Amino acid sequence: MKDQPSILFINARIIGASELIERGWCFVNGNKIHSLGSGNAPQSIIQTAAPRIDCHGCTLLPGFIDLHTHGALGADFVFGNADEIKKISVFFASHGVTGFLPTTYAASQSEITTAIKTIQSVVDSEPGARILGVHLEGPWLNPLNAGAQSMVNIRAASHEEALPYLDTGLIKLVALAPEIIENQWLISACKARNITIAAGHTAATFAEMQIAVQMGVTQVTHCFNAMGSLHHREPGVIGAALSLPELKCELIADNIHVHPAVMDILVKAKTPHGVILITDSISAAGMPDGIYSLEGQPVTLANGAARLADGTLAGSTLTMDAALRNFIAATHLALEEIWMCSSLNAAQAIHLEDRKGRIAPNYDADMVLLDSNLHVQLTVIEGRICFDAR
């Protein structure tokens, strides 16, 4: 990265710094943010930087981080090859994503093992968004809330299967059903390795979720989806997600998985610091309507919704920039109030908040430039321009 040129952003509205900067500058040196401020850059910076990017009042935000994505462009992260994963990283960058967790689903042990190895082979050679680790969504789920997950591949956690995954050092997030006794040892094993644990595809009661939080669960997978319903006498997983401050909530803000009014309820209950925007995208993302596959199950994409033959939603075709636009429309909050939902909260969830998720000196130069309609104009990843629509 030492041979990377410096970049000076000028005339930018900067959100995600220590305070809102209505018109300012940001100087990137190599792969890090060097300095930033209001008004015009100091002469010493102006003389150093090349090239100079005039933002014309557009908004500079921390780059989006997607913790939960299964694929795009006709490929997924369980069966995709290295070249397909690289193409997906470029696609993600075009939508403002600077880092992501390739996410597996309930598949066989050999399939998951191969997927992790393939993903590992791409790390540090991504042409677009960076792989920040791997998210294992299952296979340690509850079949009562399988959603689109393959029932035949859902199973209890065994040491023989799970520990080799964890010991790769690549796993950053594990989604499991914490009410299943056989899965509970895995919560401790993940916690000991600084791996985040989410309750997902779960039928836990409120009391079981309280115990799960005590054990180390800190997140819920795609809140409101595949976790039963909220009842006034049994709040369940949703009640726990809304009321327990220890839990951060993933949200698929595609207006299909969750009604906009419910998104508004969520942010009122959790505050913007408790919501993590995700895509849960599948191979159909970025593709036309048609038939796609999820662990051998046919998925029909029509009018933006991906469904199994029985109508069950099967992930999404959402992109992170669209998620942010939808979330702002649903909550009626300003971008400067909820920017952290697309970056900082995710960085905190996987313990990268010391170098990602903010626009601050010595942080990785991961930024996205948005126009007044919140469409991506430019994506910078570790100081390198990876997408430019200007």
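How many bridges join β11 to β12, and which way do these strands run? The answer is 4 bridges, and the two strands run parallel.

This is a predicted model, in which local features need pLDDT of at least 70, side-chain atom pairs count only at pLDDT 80 or more, and totals for chains, interfaces and linings use all residues. Residues are numbered from 1 along each chain as its sequence is written, and side-chain values use heavy atoms, with hydrogens and water left out.

Helices (H or I, at least four residues) and strands (E, at least two) are DSSP runs, numbered from the N terminus. Two strands pair if DSSP finds at least two bridges between them. The bridge partner of Glu137 in β12 is Ala175. Buried means under 20% relative accessible area, exposed over 50%, and partly exposed in between (1.4 Å probe, protein chains only).

Leu136 belongs to β11, residues 134–137. It counts as buried, because its relative accessibility is 0%. Contact means heavy atoms within 4.5 Å. Beyond its neighbours within four places in sequence, Leu136 is in contact with Thr104, Ile112, Ile116, Tyr165, Ile171, Leu173, Val174 and Ala175.

Thr221 sits in the loop between β14 and α7. Thr221 also counts as buried, because its relative accessibility is 0%. Residues up to four places away aside, Thr221 touches His68, Glu137, Ala175, Ala198, Ala199, Gly200, Met227 and Glu250.

**Helices**

Helix α7 (residues 236–243) is mostly covered, with 7 of its 8 residues buried. Those are Gly236, Val237, Ile238, Gly239, Ala240, Ala241 and Leu242. The buried residues of α7 pack against α6 (206–215), β14 (219–220), β15 (248–252) and α8 (260–270).

Helices α4 (residues 159–166) and α5 (residues 184–192) have axes that come within 11 Å and cross at roughly 20 degrees. That makes α4 roughly parallel to α5. Axes are lines fitted to C-alpha atoms, for helices over the stretch in contact, and angles run from 0 to 180 degrees between N-to-C directions. Angles under 35 degrees count as roughly parallel, over 145 as roughly antiparallel, 65 to 115 as roughly perpendicular and the rest as oblique. From α4, His159, Ala162, Leu163 and Leu166 meet Trp185, Leu186, Ala189 and Cys190 of α5. The residues of this contact divide into 7 nonpolar, 1 polar and no charged. Ala, Val, Leu, Ile, Met, Phe, Trp, Tyr, Cys and Pro count as nonpolar, Asp, Glu, Lys and Arg as charged, and the others, Gly among them, as polar.

**The β17-β18-β19 sheet**

Here 3 strands form an open sheet in the order β17-β18-β19, with antiparallel pairing. Strands β17 (290–294) and β19 (305–307) stand at the edges, each with a single partner strand, so one side of each has no neighbour in the sheet. The twist averages 30 degrees from one strand to the next. Strand β17 is joined to β18 (residues 297–302) by 5 bridges, and the two run antiparallel. In β18, Thr300 is the bridge partner of Ile291.

**Pairs apart in sequence**

Pro5 lies in the segment before β1 (7–14). Leaving aside neighbours within four places in sequence, Pro5 is in contact with Gly30 and Ala50. The table lists C-alpha to C-alpha distances.

| Pair | Apart in sequence | Apart in space |
|---|---|---|
| Pro5 and Thr48 | 43 residues | 10.0 Å, C-alpha to C-alpha |
| Leu136 and Leu101 | 35 residues | 9.2 Å, C-alpha to C-alpha |
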